Amino acid sequence: MANNIRNIAIIAHVDHGKTTLVDKIIHASKIFDAHQQFDDLILDDNPLERERGITIVSKNVSVRYNGTKINIIDTPGHADFGGEVERVLKLADGVLLLVDAFEGAMPQTRFVLGKAIALGLKPIVVVNKVDKENCRPDEVHEQVFDLMFNLGASEDQLDFVTLYGSSKQGWMSTDWKHKTDNLIPLLDAVISSIPAAPTLEGTPQMQITSLDYSSFVGRIAIGRVHRGTLKEGSNMSLMKADGSIKKVKVRELHVFEGLGRVKVDQVDSGEICAVSGIEGFDIGDTLADFENPEALERISIDEPTMNMLFTINNSPFFGKEGKFVTSRHLRDRLFKETEKNLALRVQATDKEDTFLVFGRGILHLSVLIETMRREGYELQVGQPQVIFKEDDNGKRLEPMELLVVDVPEETAGKVIELVSMRKGEMTIMEPKGDLQHLEFRIPSRGLIGLRNNVLTATGGEAIMNHRFIDYEEHKGVIPGRIAGSLISLETGPGTAYTIDKMQDRGSFFVDPGEEVYAGQVIGEHTRPNDLTINIQKGKKLTNMRASGTDDNAKIVPKRQFSLEESMEYIQKDEYLEVTPKSIRMRKILLDENERLRYAKTAE
Ligand SMILES: Nc1nc2c(ncn2[C@@H]2O[C@H](COP(=O)(O)OP(=O)(O)OP(=O)(O)O)[C@@H](O)[C@H]2O)c(=O)[nH]1
Ligand SMILES: [Mg+2]
């Protein structure tokens, strides 16, 4: 027996247009009042998602088309959130694989498609963004077919429908040269080629695949009813990873409808729902029959690949800008985060104000840091560290990644040189439109800080993507940042006069008049060693003229770093100080003499 339900996940590489498409599908299904106004990308609803234009957490929505309910799961495309995609694929019977008609299959396309194929999900391929100039839809279609074949797709999976179109313009067509003005070809394809959600009779089973959080009811379990029927108010068994069984009660049940949810009394097999009232669940647990519980096969959660030290702000400027500054605040906030941020782990250390935070990559961790600073926290973080492992013989292993760089031909050489210096090995070099397409295998360590260098070397033209492959034998020393730091000797505002005089020493991260403290990293040295300098001395008069023309006019504007760039920039003996208003880099040891003494003992 089958329901009149289709469960599909939308998967793709980052930015290939998933959320835009889901958004357009919702608009098209006219679930809104005619006079209601909506922004684009209503789905990417948290402020960080909006600002960065990326999806961070997957979302469930639903539309009705010709009497069929289509549950759609929008997934994040960035590799740091890949584990999330893998989990939510468990909710679906089919996938819409979006591929940018110019970029073609990218590392994350391969990863998410591989997972969908392995789970036996039926794909529909959407070659998106055919409105873009220089796009190559036919080539991309062929590339996706080859990719699917190489990933071991079955006959049925290879027999996929392909649609071409533009999410942004809101149309899809079976032929990219014949533009339509709607999404009907896509919705028809979903109905005809994605299998209906099967109805399985028997005692109830639902695996919890993701969670939601509400300040009113706490954690909400989201999953697909695999078998039987879930009923409001019923007593059930929660089956945990260690084999233990907890008795729980279903307080409320919701199904997805449009962008929202509606409360229902019961949910049948095949439907996706949100369950509140379940205490103490983990992702992967099965909600099963009270009397005769049977667990579903567990899903594994991604292991972290990177860690960073988080500590309280103890810089001379601490407490000036934030509300939450104590180790108690930091501890509570970090542990609270682990309740909903599934791939995140927090470990206390022997220092009560210091924690190790484990995540899936720079973006995963930076989203947390950025969220905290917006909430009013001050904190400091150390240099990101990749996580090593040991094999059975005690040999040290390290994570390796696939790195893809698309770059104008004339700068390809520079990129290859930079990547090679960091133990990257080139595996593919081929033309892609006017660009060179380069692929490398590189230790994850080598990627930290690489983006800054590649962008500088290519005048910002390079497009870089990477994704974890597996662990391999440790590749030996990789040189870190080549340039040393310029460090402030004194505390106080730097003068235009001195900064101007020191322009030949390196590039500055602070402007004249900006308050800095002793031990703060205020610039990048032109040489490999650190250099401590005094930028406060000099003619006091200059400050009065600072807004004028003279000295200031000659000063190169300060280099500005984003949070992620700063995270990748700092060295082992440096911290990043983050407050609601500022991001500063500093030496862990602020005092120059202490640094010199430490350097001596380390020798
Ligand atoms: N030209 C063109 N641009 C598009 C199209 N679809 C989406 N875009 C743009 O591509 C960018 C990314 O779109 P999103 O829908 O956020 O992409 P996404 O796949 O959801 O991205 P992640 O969730 O971060 O993986 C936005 O700037 C869109 O406006 C399209 O069909 N044509
Ligand atoms: Mg998105």
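**Ground rules.** I am looking at a predicted model, where local features need pLDDT of at least 70, side-chain atom pairs count only at pLDDT 80 or more, and totals for chains, interfaces and linings use all residues. Residues are numbered from 1 along each chain as its sequence is written, chains are lettered from A and ligands numbered from 1 in the order written, and side-chain values use heavy atoms, with hydrogens and water left out.

**The mixed sheet.** I began with strands; helices (H or I, at least four residues) and strands (E, at least two) are DSSP runs numbered from the N terminus. Two strands count as paired if DSSP finds at least two bridges between them. I found seven strands in an open sheet, ordered β2-β3-β1-β4-β5-β6-β7, with mixed pairing. At its edges stand β2 and β7 (171-173), each with a single partner strand, so one side of each has no neighbour in the sheet. On average, neighbouring strands here are turned by 30° against each other, direction ignored. Next I checked one pair: β1 (residues 5-11) and β4 (residues 94-100) run parallel and are joined by four bridges. Ile11 has Leu97 as its bridge partner in β4.

**Helices on that sheet.** For contact I used heavy atoms within 4.5 Å. For angles, axes are lines fitted to C-alpha atoms (for helices, over the stretch in contact), and values run from 0 to 180 degrees between N-to-C directions. Helix α5 (residues 137-150) lies across β4, β5 (122-128) and β6 (161-166), at about 155° to β5. Helix α7 (residues 184-193) packs on the sheet too, and its direction makes about 165° with that of β5.

**Cores.** Which residues have the most contacts inside the largest nonpolar core? They are Ile11, Leu89 and Met148, in a core of 37 residues. Such a core is a set of buried Ala, Val, Leu, Ile, Met, Phe, Trp, Tyr and Cys residues joined through side-chain atoms within 4.5 Å. Buried means under 20% relative accessible area, exposed over 50%, and partly exposed in between (1.4 Å probe, protein chains only). Helix α4 (107-118) is among the elements that each supply at least two residues of this core. I then listed what Ile11 touches beyond four places in sequence: Val85, Leu89, Leu97 and Val112 are among them. There is also a second, separate core of 30 residues, including Phe310, Val357, Tyr377 and Val386.

**The metal.** The magnesium ion (ligand 2) is coordinated by Thr19 (OG1) and Thr55 (OG1), at 2.0 Å. Thr19 lies in helix α1 (residues 18-28) and Thr55 in the loop between α2 (47-52) and β2 (59-65), so the pair ties together parts 36 residues apart in sequence. Both Thr19 and Thr55 are buried. Donors here are N, O and S atoms within 2.8 Å of the metal (3.2 Å for Na, K and Ca), and with water not among the atoms, sites may look incomplete.

**The antiparallel sheet.** A second look at strands gave me eight in an open sheet, ordered β12-β11-β17-β8-β9-β16-β13-β14, with antiparallel pairing. Its edge strands, β12 (245-249) and β14 (260-264), each pair on one side only. Neighbouring strands in this sheet are turned by 40° on average, direction ignored. Inside it, β11 (residues 235-239) and β17 (residues 286-288) pair over three bridges. Met239 stands opposite Thr286 there.

**Helix α8.** Which residues of α8 (residues 327-337) are buried? I get Ser327, Leu330, Arg333, Leu334 and Glu337. Seen down the axis of α8, they fall within an arc of 135°, so they line one face of the helix; the arc is that of the directions from the helix axis to the C-beta atoms. Their cover includes β18 (306-311) and α9 (362-375).

Lys129, in the loop between β5 and α5, has a positive phi near 65° without being a glycine. Lys129 is partly exposed, at 22% relative accessible area. Lys423 is likewise no glycine and has a positive phi of about 65°; its loop runs between α10 (409-421) and β25. In the hairpin of β25 and β26, with two residues between the strands, Gly433 takes a positive phi near 60°.
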